[in-house]
Every structure is written in structure tokens, then in C-alpha cells.
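Subject: Structure for you to look at

Hi there,

Here is the structure I promised to send over. Have a look at it first, and then read on for what turned up.

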Amino acid sequence: MFNFGASGTRVYLFWFGLLLFLLPPFSFAGDAASGEKVFVKCKVCHEVAPDVSKIGPSLYGVMGRTAGTLESFAGYSEAMKSSGLVWDEATLKEFLKSPLTNLKGTKMAFIGLKNEQELDDVIAYMAQFSDEGASE
Ligand code: HEC
């Protein structure tokens, strides 16, 4: 019926490989592995380990956090605490593009990420660190 010769197998493997390639690892637009490299820019001030804060608060579990509410971090600005923001892909992206202009009065002295891909990637990276693990 079918000829599963060497070339047939190769064709099959090609399509299977292409399918795997097209399936994103998370539903986030970004790539967490690339995001780890972007996060180097944040590491001066942030860690992703629970409750390990430096100049900035720990970003463990930041997805879903109401801005300015990590109890173990005492250094929040009034601007952050009263922003009413809840961190998700959209709010993080907006803030991180230009923290100082998008949240007037923030203590996060960081110029921002201008590159869309870097923004998506670093958000996907941070989303991995939470009690739930990588969120769907
Ligand atoms: C120069 C130090 C510094 C750098 C660099 C920095 N941050 Fe921050 N970050 C802070 C400080 C300080 C705060 C608290 C700001 C406030 O309260 O106004 C903060 C707050 C945040 C918050 C809000 C957290 C919360 O608990 O509400 C997020 C999210 C965040 N930073 C992400 C990042 C990411 C991602 C990067 C890298 C792209 C980065 N930061 C780079 C110092 C920094």
C-alpha cells in the first residue's frame, strides 16, 4: 500500500518537525529563554527568587500581583502603591516600555525597553516564576 521507504520517513519527520517548531512553548507572545538574556538588564535591581529584594522588589509571582504590594519589600514609591495597577502582560508591557514616563513618580530608575520582542520575552521569562509555575 504505502511505501515507508527512507525518503517517506524523511518527509514525515520534516512535517512533524515543522509542526513542533510552530507550536509555541507558552501562550505568551514572548520566548522565556530569550527573556532570560533581557532580564540581565533588570538583575542589577531585581531577583526572581521569592522575597529576595534588592533595590527593587522580588519579581517572583509578579503576574497577578497588585502593584506595590509585596510585603517583604519596603521601598515602594507612593506612585507605585497608589497606581491601582495589577500586573499582567498588558500592564507590564506598558510600564516597562518607559517606567519613568508611564508611572510618574516611580522609584524604578530604568530607561525602559523599546524593543517589542524584548518586552514580550522578558515578560514570558518572569511569568515562569510563581507558585503555579509557568502559567498557561
Ligand atoms: C535601577 C534599578 C532597577 C532596574 C534596572 C529595574 N528595576 Fe524594576 N523596580 C525598581 C524599583 C526601585 C521598583 C519599585 C518602584 C516604585 O515603587 O516606584 C521597581 C518595580 C518594578 C516592578 C513592580 C513590582 C511590584 O511589586 O509592583 C516591576 C514589574 C519591575 N520593576 C520590573 C522590572 C523589569 C522587568 C526590569 C528590567 C527590564 C526592571 N524592573 C529594571 C528598580 C529597578
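A word on naming before we start: helices here are DSSP runs of H or I with at least four residues, numbered from the N terminus. Please also keep in mind that this is a predicted model.

Let's begin with the ligand. It is surrounded by 29 residues, and the closest are Cys-42, Cys-45, Gly-56, Ser-77 and Met-80. Two helices, H3 (78-81) and H4 (89-97), each give at least two residues to this shell. Sorted by class, the shell around the ligand holds 20 nonpolar, six polar and three charged residues.

Next, the nonpolar core. The largest one has 20 residues, and Val-122, Ile-123, Ala-124 and Met-126 make the most contacts inside it. At least two residues of this core come from each of H2 (32-38), H4 and H6 (116-127), with H6 supplying the largest share, seven residues. In soluble globular proteins, nonpolar side chains tend to be buried together. If you zoom in on Val-122, you will find that, leaving aside residues up to four places away in sequence, Val-122 touches Gly-35, Val-38, Phe-39 and Leu-113.

Finally, a look at the loop between H3 and H4, where Ser-82 is found. Is Ser-82 buried or exposed? Ser-82 counts as exposed because 12 other C-beta atoms lie within 10 Å, and the cut-off for exposed is 12 or fewer.

How values were computed. Residues numbered from 1 in each chain as written. Predicted model: local features only at pLDDT ≥ 70, side-chain atom pairs only at ≥ 80, totals over all residues. Near = placed C-beta within 6 Å. Nonpolar A, V, L, I, M, F, W, Y, C, P; charged D, E, K, R; others polar. Core = buried A, V, L, I, M, F, W, Y, C linked by C-beta atoms within 7 Å. Contact = placed C-beta atoms within 7 Å.
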